[in-house]
Structure formats: C-alpha cells, structure tokens
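Visitor: I'd like to learn how to read ring pairs and helix packing in a model. Could you walk me through them?

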Amino acid sequence: VQNHYMDMINCWNKVAGKGYRRVGLVLQDDIAARWSYQWDAAHLIEASELAPESSDIPILRIGNSQGPDAIKDWLTRYRPEAVVSRYKGFLDIVRQEGFKVPDDFGYVSLDTSEDPVEVSGIEPQRDALGAMAVDALNSLLHRNFKGFNDISVGTQVDGIWREGETLPNKNR
C-alpha cells in the first residue's frame, strides 16, 4: 500500500522548508477513514513540531453531504498560508469560489495523479505498488500458502515529491 504517513511527513518537510507556517489539511472523510487517519496523525505531529502556528486550524474532513461551501467557509475563517489536501476536485472548487492558487494560499496534493500537471505534491508510485503486490503473491505461491492468514503482513511504498507551481517558496 501507499505509505500515507510518510507521504504527509514528506509534504510537511517541503511546506515548512518553503517558509509556510499556517498550514491546513483538507481530506475526503471516507478516504481518511479507509487509511486509518494516517494523514491526520502525521499532520498533527508535524504541525506541532514545525509550525505551531497551525494549531488553530482544524482539519477539514468533508463528507458526502458537504462540499464547496464547507471549503469556502473553512478557508475564509482560518486563512491558511498553505493547504495540503486529498479531496478530489479541491483545486477546481477553490478556483470556482474565487480563490487564486498560489496567490491566496499554497496548495499541495496528497495524490498528484488526480491533479493537473502544475500541482505540487505527492506522486504515488503505482508501478512499484503493483510490482510489490506481484512479488508478494509470487512468494505465497512458492510457499504453497493457501487460505486465510492470521498474521497481517504488508509492504508500504513512499510516494515521491513532484515539484509544481502551486507551492512557491515564501522564503524569498
């Protein structure tokens, strides 16, 4: 699986390194839950270490009944300098609401495969994930493994940072 926890730490290192101190996190609630809130956990730890100014910005988890209004209200109320997000269509929504990225805030995607090429963020390594899955299956077949396994075994693959145009350096 994708190493969501380390991907968020990678994002935070880039965001903090570029001078951002008020950083918010926007997640699609069902996706965050599916991955056991690993992004949330890493975000809270990194924010406390790298940018305590972010502590007054709550994580925005968006459910099925919410959408553009929740995002607009959150951005207007908390005014983050940068937003890290795993919410499909986030960039389109904020632009439709009149926000300018990166002029109003920097933007980082936790899955750039779903975003335009100019977006900064984490690029999942799906080829590596697929190769690891085939290797794991091959190993099980070689050991003549059958049935359910009582022990959970897995491999995590870190995404790589893709430099884009949505997170300019604030240190200049």
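Guide: We'll take the aromatic pairs, then a pair of helices. Keep in mind that this is a predicted model.

Visitor: How many aromatic pairs does a search of the whole structure find?

Guide: The search turns up 4 aromatic pairs. One of them joins Trp74 and Tyr78, with 6.5 Å centre to centre and 50° between the planes, a tilted arrangement. Both residues sit in helix α4 (residues 68-78), 4 residues apart, or about one turn of the helix. Trp74 and Tyr78 are both buried.

Visitor: Why is the pair of Phe90 and Tyr107 called stacked?

Guide: Planes under 30 degrees apart count as stacked. The planes of Phe90 and Tyr107 are at 15°, with ring centres 5.3 Å apart, so this pair is stacked. Phe90 belongs to helix α5 (residues 90-96) and Tyr107 to strand β4 (residues 106-109), so the pair ties together parts 17 residues apart in sequence.

Visitor: Which residues make the contact?

Guide: Among them are Met8, Ile9 and Trp12 of α1, and Trp39, Ile45 and Leu50 of α3. The contact residues divide into 11 nonpolar, 4 polar and 1 charged.

Key. Residues are numbered from 1 along each chain as its sequence is written. This is a predicted model: local features need pLDDT of at least 70, side-chain atom pairs count only at pLDDT 80 or more; totals for chains, interfaces and linings use all residues. Side-chain values use heavy atoms; hydrogens and water are left out. Rings of Phe, Tyr and Trp (its six-membered ring) pair if their centres lie within 6.5 Å; planes under 30 degrees apart count as stacked, over 60 as edge-to-face and the rest as tilted. Helices (H or I, at least four residues) and strands (E, at least two) are DSSP runs, numbered from the N terminus. Buried means under 20% relative accessible area, exposed over 50%, partly exposed in between (1.4 Å probe, protein chains only). Contact means heavy atoms within 4.5 Å. Ala, Val, Leu, Ile, Met, Phe, Trp, Tyr, Cys and Pro count as nonpolar, Asp, Glu, Lys and Arg as charged, and the others, Gly among them, as polar.
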